Amino acid sequence: MNIIVCLKQVPDTEAPIRIRPDGTGIDETGLNLVMNYYDEHATEAALRLREQFGGTVTAVAVGPERAREALRQALAMGADEAALLRDPQLDGADHLQVARALAAFITPRTPDVVICGKLSTDDNAAVVGPALAEVLDLPQATAIARLEVDPNRARATVHRELEGAVEVLEVPLPALFTVERSLNEPRYPSLPGIMKAKRKEIAVMDLAALGLSPEEVGSPGAVLERLTSPPGRTAGVQVNGAEPEAAVEAIITFLSERAKVL
Amino acid sequence: MNLELSEEHRLLQATVREFAAREIAPAAARLDREARYPAELIARAAALGLMGLMIPEQYGGAGMDGVANVIVQEELARASAGVQVIVSVNNSLVADPILRFGTEEQKRRYLPPLTEGRSLGCYCLTESSAGSDAMALETRAGLRGGEWVITGRKLFVTNGVEADLCIVYARSEDVPGARGLSAFLVEKSFPGIQVGKVEHKLGIRCSSTAEILLDDCRVPAENLLGRRGEGGKIALATLDGGRIGIAAQAIGLARAALEEATAYVSQRRLFGRALRDFQATQWALADMATRTDAARLLAYRAAWLRDRGERCTREAAVAKLIASETAMWATHRAVQLFGGYGYIQDYPLERYFRDAKITEIYEGTSEILRLVISRDVLGSKGTARP
Ligand SMILES: Cc1cc2nc3c(=O)[nH]c(=O)nc-3n(C[C@H](O)[C@H](O)[C@H](O)COP(=O)(O)OP(=O)(O)OC[C@H]3O[C@@H](n4cnc5c(N)ncnc54)[C@H](O)[C@@H]3O)c2cc1C
């Protein structure tokens, strides 16, 4: 089974985010960057398919030079190959451009399954996966929480968790899936895995190497105008020393008139 | 000069940090209270490759360097110094000397089980009247009918209860001091070896500390490790690596104290202010951070020298000395910052404080390390290295 997993390097969700003074992006100095958590689950899903059915797992990322580290992690977890798609024209690319670059890499490799995280925790857009399926012209199922593949019938059965229900879909392969975190428990890269990953080459490809012309990638439809911090939290209201009845009264007044939640 | 960790060192650090935070830290207080050997955690550590991390792949290890070992041991000790010492002894005091001094046959027989977690190792040097003065040990080994026969009592053996393989140092030659010693690979299943008294102790309580009794224990001739009379040299060379592991343990404890204290002082309010707003608090944290940094860099230096195959006896002693005294001092300081909460078991500070003390004692007390360092500083005529 030929499996491709798409992944992204993002700031650690626990890291404090500082915005550059000019609002053009976030300040990355000293920022801890990690593989997007959803992509760890995507990588795990890919590795499990390979363990079940054989084949190869190829990890691919669009990003700057530093995104190598996330690919190295995928290799250390057990991926067979990794490629970094890096080109000046992809700096500041929007989701559709990223999808086009990924598609140019993926198409000639004729995968059986393409797996992405449901979203990346930096911009929470959840767009690249679905857009990539469109560009590749593959059937897709998003946010899957369970995946069973029957290679003989070239079909997959997936579960999607909806509010109050589980949707069960049968999807013909090849297909693209985006995964929910409840799908699996990602493995840790083992120490021998880290050493093996160190010896592997990460292919770096620019748009020319992908056979994409600048026109085919297009210009971003959405351009980042400015990042601003959310307004700081204002001090809360304390109800001190009042009799219980009076305190309850004060809280109800607050909830209905100030917070407007009652 | 390059003080940057490599890409694989950083990946290793992130991996072990997450493993330690998710799997070890939640169990640490209970393991300490119950003084119970964490068999499941050790099995998972082995599955990750942590039990033979400096052993080449051909013997089942991860093939990493000594700097990687410092990184791993710090992260493990940050979560539990007890769990960490179980791992550290297996790596530095057992697998490492087999790799350095063992025959090809010994390496093939003993290293894969040790690195894969199918077997656990222990290091049996200390005796009741040979601790700091280890080279005065009295356990005897003699050749009888083509076999070694060993008799003696080993004390304070880490992993002594659970270990399957013991490296036993014994006097095989009629010579006093280091040159009369040899090292032996003794399986627990050999006739004549058993576990004696199991100690109750102040800290690192989930790691066992036991007496190992040898009574006419019969050991095949091919289980001599290194050459006859080389035991003292092997014991000391092994301790260079072991001390780097204990330095890393101490650094993990000092960092634990610093991180917990930093979080606590931000949230604790008194006299209308946060505890962090008092300058006395700020200076305490600054000193803790400074000493921990210094200790870590010195441990990296010692490991780096050892990786290059250079002598590092002095540097390993320096690293362990400063790291263990930093751990003791920093955990003491952090308990104080927590006030009463530092003294009770609902918080981890009292455990760090209890765990820290052993780092000043085993694998060379602080006094013995000062002896090692000062000997090198003073040298004999013409070899002084002030
Ligand atoms: C929990 C634990 C685990 C251990 N694990 C192991 C293990 O796995 N394997 C093993 O072989 N041993 C192990 N040990 C033993 C440990 O290494 C010894 O306890 C240590 O080396 C000190 O020896 P001692 O206890 O005999 O103290 P002593 O040697 O009697 O020392 C007593 C005091 O005298 C001081 N002193 C000694 N010599 C001098 C000097 N020349 N100048 C000034 N002061 C001096 C010492 O520093 C110390 O303060 C362990 C001990 C403990 C407590």
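Predicted model: local features only at pLDDT ≥ 70, side-chain atom pairs only at ≥ 80, totals over all residues.
## Ground rules

Local features need pLDDT of at least 70 and side-chain atom pairs count only at pLDDT 80 or more, while totals for chains, interfaces and linings use all residues. Residues are numbered from 1 along each chain as its sequence is written, chains are lettered from A and ligands numbered from 1 in the order in which they are written, and side-chain values use heavy atoms, with hydrogens and water left out.

## Salt bridges within a chain

Over all chains, the structure holds 55 salt bridges (a side-chain nitrogen of Lys or Arg within 4 Å of a carboxyl oxygen of Asp or Glu). Take A:K118 and A:E180, whose closest N and O atoms are 3.1 Å apart. A:K118 sits in the loop between strand 6 (113-117) and helix 4 (128-136) of chain A, and A:E180 in the loop between strand 10 (175-179) and helix 5 (191-199), so this pair ties together parts that are 62 residues apart in sequence. Those elements are DSSP runs numbered from the N terminus (helices are H or I, at least four residues; strands are E, at least two). A:K118 is partly exposed at 24% relative accessibility, whereas A:E180 is buried at 17%. The cut-offs are under 20% relative accessible area for buried and over 50% for exposed, with partly exposed in between (1.4 Å probe, protein chains only).

Over in chain B, B:E230 and B:R227 pair up at 3.6 Å, N to O. B:E230 is buried at 11%, but B:R227 is exposed at 59%.

## Where A meets B

The contact (heavy atoms within 4.5 Å) takes 20 residues from chain B and 15 from chain A. About 1,600 Å² gets buried between them, 62% of it from carbon and sulfur atoms; that area is the accessible area (1.4 Å probe) that two parts lose on being put together, summed over both. On the chain B side, B:E7, B:L11 and B:L48 lose the most area to chain A, together 35% of what that side buries.

Five salt bridges run between chain B and chain A. One pair is A:E185 and B:R22, with closest N and O atoms 2.5 Å apart. A:E185 lies in the loop between strand 10 and helix 5 of chain A and B:R22 in helix 1 (residues 7-34) of chain B, so the pair joins two chains. A:R199 and B:E57 also meet in a salt bridge, at 3.3 Å, N to O. Helix 1 of chain B gives the most to the side that touches chain A, with ten residues.
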